[in-house]
Amino acid sequence: MSVPLRIACLGLGQRLAQVLLHLSRVAPSISCVAYADPNPAGLARLERHGMRPRSYADPEAMLRAVRPDAVMIGSPNHLHRQHLELALASDARIFCEKPVVRTEEESFEVASWLAREPQDRVVVGLVLRSLPVVAAALARIRSGCLGSIISLEANEHLHPEHGGYLRRDWRRLRRFGGSYLLDKCCHDLDLLNAITGSRPVRIASFAANRIFTPAHAHLDDGVRYRSWPSGWSGSERVFDAAADTADTQVLALEYGNGVLGTFHSNSHVVPPRRAWFVAGTEAALAVDLRAGRLEFTPADGAGESATEQFGDGRTADHSGADPAMARDLAATWLEGAPFPVSVRQALEAGLTVMAADQAAAAGTVVDLTPLWKRFDALWT
Ligand SMILES: NC(=O)c1ccc[n+]([C@@H]2O[C@H](COP(=O)([O-])OP(=O)(O)OC[C@H]3O[C@@H](n4cnc5c(N)ncnc54)[C@H](O)[C@@H]3O)[C@@H](O)[C@H]2O)c1
């Protein structure tokens, strides 16, 4: 992996600093040479590791002057659409952080551009697709050893420090982040599509701001909920934040192939958790994504159960997904290997989340059939 590859960043925040540091470890020939960001939250971290990208005030001028091999988009979610448009007008390959965009309208607009682009010109940072336990679980599911998948449950629960950060960061406002579910759980809804090999056709959901309210202000010790630094458009208020996003959400889903599922997310839980339980006719699969552990149990009681452990169970770096995604990205950019998730699947995950938010807002079951018909027509 020694071909030089020059990156320019549109938005150089905390996330892209993390991705760039892992990329530089697996592929030293890849370097970040420029960025456009009015207040780059990730720059100091890059500088501590000897990287000195050049600052540009105007993103278009940067792309014209630098002519980068790759553009990385790490701005807040509401800017992804305009940054994708800019990057697509250059010759560069593109890495865009998840979610691809923030609204259904933007998803369709961007899909109409991306359907005409070569495979993997645009890749999306759905980092859990690179997690070894996820790859192993999906391989088992695709081998058919579960029989027909009948139903599943999944969750993502955040520890209180993380929940407090979401309350103080730009993500607390729908106009920047989209929604709690979109910013935090589009990974999970993408993975449920991968497990079922399908997409939801009906979704019901309830979402609420139930934790971070004045009624629970006694929990605030002034330190815990502010231990993660907030950045662009941040605030220090937690239990009385000027926020319009949920902090808790549940979903019920029916997939196109008949699989039934539930998803539950709460942003104030000890210990934090991210897990699946998938029940098939021949076997069940339990996956702890944080611990990197998978348990396979045959339904007949006679077949062989299996437990597999990936990594050392430490939860740093998204339980090892960050270095794994850096290897996948370097292999895609330097060797032409396929990235583990396509931009079309990333858009489908976003649209799934948006339908769940629509169901929660309207208090109705949303039928996604017309949405997928319209979406699929763009890719034929
Ligand atoms: N894949 C993951 O696991 C993961 C994890 C965290 C964040 N993310 C995603 O990464 C993106 C960035 O999140 P973050 O946590 O780094 O946030 P952040 O607040 O640390 O970074 C956002 C950056 O965008 C910059 N910015 C604001 N306005 C801009 C503009 N007009 N032009 C250019 N830059 C601008 C800010 O100054 C800041 O440096 C989001 O889309 C988020 O959803 C993904």
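Guide: A residue is called buried if 20 or more other C-beta atoms lie within 10 Å of its own, exposed if 12 or fewer, and partly exposed in between, with C-beta atoms placed from the backbone. This is a predicted model, in which local features need pLDDT of at least 70, side-chain atom pairs count only at pLDDT 80 or more, and totals for chains, interfaces and linings use all residues. Residues are numbered from 1 along each chain as its sequence is written.

Visitor: What makes residues 132-143 helix α6?

Guide: Helices are DSSP runs of H or I with at least four residues, and strands are runs of E with at least two, numbered from the N terminus. Helix α6 has twelve residues.

Visitor: Which residues of α6 are buried, and which are exposed?

Guide: V133, V134 and A137 are buried. Seen down the axis of α6, these buried residues fall within an arc of 100°, so they line one face of the helix; the arc is that of the directions from the helix axis to the C-beta atoms. A139, R142 and S143, on the other side of α6, are exposed.

Visitor: Why can residues three or four places apart point the same way?

Guide: An α-helix has 3.6 residues a turn, so residues at that spacing point the same way.

Visitor: What do the buried residues of α6 pack against?

Guide: They pack against α9, β12 (283-288) and β13 (293-298). Two residues are in contact if their C-beta atoms, placed from the backbone, lie within 7 Å.

Visitor: Why do the buried residues of α5 line one face of the helix?

Guide: In α5 (residues 104-114), the buried residues are E106, S107, V110, A111 and L114. They fall within an arc of 130° seen down the axis, so they line one face. The face turned away from them carries the exposed residues E105 and S112.

Visitor: Why is one side of β14 and of β15 left without a neighbour in the sheet?

Guide: Two strands pair if DSSP finds at least two bridges between them. The open sheet has nine strands in the order β14-β13-β12-β11-β7-β10-β9-β8-β15. β14 (306-309) and β15 (366-367) stand at its edges with a single partner strand each, so one side of each has no neighbour in the sheet.

Visitor: How do you know that β7 and β11 pair?

Guide: β7 (residues 149-157) and β11 (residues 273-280) are joined over eight bridges, in the antiparallel sense, where at least two are required. Opposite I149 stands G280 in β11.

Note on methods:
The expected span of a helix is 1.5 Å times one less than its number of residues.
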